[in-house]
Amino acid sequence: MKEQIVTRIKEAGVVGAGGAGLPTHVKADASVDTVLVNGASCEPLLMSDPYLLESECQTVIRGLQTMMDCVGAKRGIICLKGKHEHAMAVVKDAVAKVPGGQIEVFELKDFYPAGDEHVLVHEVLGKTVPERGIPLQVGAVVSNVETLLNVAHAMDGAPVTHRYVTVTGEVKTPMVVKVPVGTAISDMLAYAGGPTIQDYKVVDGGPMMGRVKASIEEPVTKTTSGLIVLPPEHNVVAGKIKDPERIRKITNSICCQCTRCTDLCPRNLLGHSLHPHKLMRVFASHELDSEVAKEALLCSECGVCEKFACPMMISPREVNAQIKRVLMQGKVRWESSKEELVSSPFRESRFVPTSRLIQRLGLTQYMDHPKTGESFTPSSVTLLLGQHIGAPAQCVVAVGDRVKVGDLLGEIPEGAMGARVHASIDGVVESISDGKVTIRADR
């Protein structure tokens, strides 16, 4: 059974929908005790996970059971914040009807980043994932809500062709909308009634870890969870588009070594050897080969240090990320001390409440519940052959080919880790270039 499940997930092109994009067949080919469903809806404003648990709960549970069967898990735990009252009621009612008692519900507190895999495992199971490690090392697999929805569809022979996306911020009608993978951001903004301001930027993902898109003609991918429209000068946007070299110079001159970034760092609070305040001196001292510099490899880039902790309003997250990129290019690895990790006794008192974070980010005005139940199909889509961790898919179609939803466009290269890519609308292949396949809908 395990081999059949892994094969179907692989054939369907399922990847982690939470943002990382790891091909799910890789994660499914493991043996663990517990599968955690990550429904934390960790980032402010993003609402697709609670919506799916309300509207597609039975399908998500079927995906969870499939994953449990595949990895041999005896426990499945759906993790959801208690503030999502309606979704929580639906989940509890659905779980109560599942025979065997192997599926549970865990009510998460409303803090950021509750959805970080390491934090989630510690909260739910009381176990600490090793530094630079993965939940598998403590007997768990963590899967996003939409990932498990796609696993259930994969068992029915349906590949990943659509994505649920939260469109919010400065748009006329904030919504959670189901769209074909490859839909242009501009088409989605138009469907949401269009931007309410003339000059704006679009953040792909959440306000904390999302990235500002270079163009609204870029397409939605399998990992696109949200599109947030904000003014260019907004607190969320400004730091993301600032020149990296300028960030380093400002940090070198302004950081006062107060340690607040370290005090509130979620990974440090779990006992990991990460001290962001020390990393702020690495570029100035030119000690990129030091043991302190290597700590950057432990950073999850959650952004607490940047958007909540730092009183000087500089960006430890961005500096950490720059150091990490240099180290990874040099193939530097983290070497754990093998000592038992002990979480901080102050950990719970230093949780970042989501409500306070929203105020700090200046997002309060965008907290109205988005419209749900929406779906949209554009006149064309552009699908990236590389929208996942691993090697890009190899194109198996040609310009002029007629395709239908679910037809294979890109195959995993022989011997490589990757994910298949499938047509998300019926139509004709209009162009193939730069790792992109554009399909024009039938008229």
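Helices, of at least four residues, and strands, of at least two, are DSSP runs numbered from the N terminus. On that numbering, Leu 45 lies in the loop between E1 and helix H3 (48-55). The model is predicted.

- Helix H6 (residues 117-125) is largely enclosed by the rest of the structure, because eight of its nine residues are buried.
- The buried positions in H6 are His 118, Val 119, Leu 120, Val 121, His 122, Glu 123, Val 124 and Leu 125.
- At the N-terminal end, H6 is capped by Asp 116, of which a side-chain oxygen lies 3.0 Å from the backbone nitrogen of His 118.
- Just after H6, Gly 126 adopts a positive phi of about 70 degrees.
- The loop between E4 and H6 contains Pro 113, and the peptide bond from Tyr 112 to Pro 113 is cis, with omega near 5 degrees.

**Packing of H1 and H7**

- Two packed helices are described by the distance between their axes and the angle between them.
- For helix H1 (residues 2-12) and helix H7 (residues 145-155), the axes come within 9 Å and cross at roughly 105 degrees.
- Angles of 65 to 115 degrees count as roughly perpendicular, and H1 and H7 are therefore roughly perpendicular to each other.
- On the H1 side, Ile 5, Arg 8, Ile 9 and Ala 12 take part, meeting Val 151, Ala 154 and Met 155 of H7.
- By class, this contact of H1 with H7 comprises six nonpolar residues, one charged residue and no polar residues.

- Leu 45 counts as buried, because its relative accessibility of 8% falls under the 20% limit.
- Thr 259, likewise a residue other than glycine, has a positive phi near 75 degrees.
- Thr 259 is found in the loop between helix H10 (244-254) and helix H11 (260-263), and at 25% relative accessibility Thr 259 counts as partly exposed.

- Val 282 belongs to helix H14 (residues 282-285) and is buried, with a relative accessible area of 3%.
- Leaving aside residues up to four places away in sequence, Val 282 touches Glu 287, Leu 288, Val 292, Ala 293 and Ile 323.
- Val 282 and Val 292 are ten residues apart along the chain, and their C-alpha atoms are separated by 7.8 Å.
- Ser 344 is placed in the loop between helix H17 (316-329) and strand E11 (352-353), where Ser 344 is buried at 18% relative accessible area.
- A polar atom of the Ser 344 side chain lies 3.0 Å from the backbone nitrogen of Phe 346.

**Cysteines**

- With a disulfide taken as a pair of cysteine sulfur atoms within 2.5 Å, the count comes to zero disulfides.
- Cys 261 is in no disulfide, its nearest cysteine sulfur being that of Cys 258, 6.2 Å away.
- Cys 261 is buried, with a relative accessible area of 9%.
- For Cys 310, the closest cysteine sulfur is in Cys 258 at 6.3 Å, which is too far for a bond.
- Cys 310 is buried, with a relative accessible area of 15%.

Terms used
Residues are numbered from 1 along each chain as its sequence is written. This is a predicted model: local features need pLDDT of at least 70, side-chain atom pairs count only at pLDDT 80 or more; totals for chains, interfaces and linings use all residues. Side-chain values use heavy atoms; hydrogens and water are left out. Axes are lines fitted to C-alpha atoms, for helices over the stretch in contact, and angles run from 0 to 180 degrees between N-to-C directions. Angles under 35 degrees count as roughly parallel, over 145 as roughly antiparallel, 65 to 115 as roughly perpendicular and the rest as oblique. Contact means heavy atoms within 4.5 Å. Ala, Val, Leu, Ile, Met, Phe, Trp, Tyr, Cys and Pro count as nonpolar, Asp, Glu, Lys and Arg as charged, and the others, Gly among them, as polar. Buried means under 20% relative accessible area, exposed over 50%, partly exposed in between (1.4 Å probe, protein chains only). A polar contact is a pair of N or O atoms within 3.5 Å; within protein, one must be able to donate a hydrogen and the other to accept it, and residues adjacent in sequence count only if both atoms are side-chain atoms.
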